[in-house]
Amino acid sequence: YQGQVGPDHGRFNYVAFDPLNEGVVFASAFDGRQIFKSNDGGETWVHFYSAPQVLTYYPNISKLKFANPQEPSHLYFIVSSSAGWDVDARGLYILDVATGNVVNVIKVFHHWYLEIFDYDVCADLPKNIIIFTKMGDSFPIPEYWTAVWKTEDNGNTIELIYEWMDHNYMHPNVVRIHPNNPDIILMGMSYGWLGINGGFYRSDDGG
């Protein structure tokens, strides 16, 4: 990208390619507030979506992806914020790329310091979504509560399937759900400030 209109002059956080339309690209700007769209493989860009206006303090749009190949018209992304009072706007957003409208926002747990860090969608059962959350760095005590949640109805009901207090040592990074079997869940974690003794943890019974 060489132009002057687009994602912060070419600085991106995340990029997602439309699985059905060659050359259509979505990118979140480096400032974390906007999503841009390109119809020509990134040569030119137009503004497509902005973070909710209610987000007042360091809003961040991240983890853009077409998570469900059965619904390629839906773009998934996380909206987060460092401010506790922005809790009502944070969540996993699902955007209709044809209209630019938000069709659903999945909220996990209303707490001032809880943030969504990662998520995944079961390809065969698109209403099955796994979400990983963690207390943000501004949490006032050193014990950071982290958890994994599961929904089988696109966020209408949420079940807590795993939680722990990491005490500044456990550092979960990623959560993945098997594309054909929602009972198989993988979590990637590191341990210690050097990142040692980590690895993937697997559940074969839905958590």
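Rings of Phe, Tyr and Trp (its six-membered ring) count as a pair if their centres lie within 6.5 Å; planes under 30 degrees apart are stacked, over 60 edge-to-face, and the rest tilted. The model here is predicted, so local features need pLDDT of at least 70 and side-chain atom pairs pLDDT 80 or more, while totals for chains, interfaces and linings use all residues. Residues are numbered from 1 along each chain as its sequence is written, and side-chain values use heavy atoms, without hydrogens and water.

**Exercise 1.** How many aromatic pairs does a search of the whole structure find, and how is the pair of F26 and F48 classed?

*Solution.* Start with the count: the search gives 6 aromatic pairs. Next, take F26 and F48: their ring centres are 5.2 Å apart and the planes stand at 65°, so this pair is edge-to-face. Then place them: F26 belongs to strand β2 (residues 25-29) and F48 to strand β4, 22 residues apart. Strands here are DSSP runs (E, at least two residues), numbered from the N terminus. Finally, ring pairs join F26, F48 and F66 in a cluster.

**Exercise 2.** Which ring lies under the charged end of K65?

*Solution.* Apply the rule: NZ of Lys or CZ of Arg must be within 6 Å of the ring centre and within 35 degrees of the ring normal. The ring is that of Y119, with the charged end of K65 4.6 Å from its centre.

Note on methods
Helix = DSSP H or I, 4+ residues; strand = E, 2+ residues; numbered from the N terminus.
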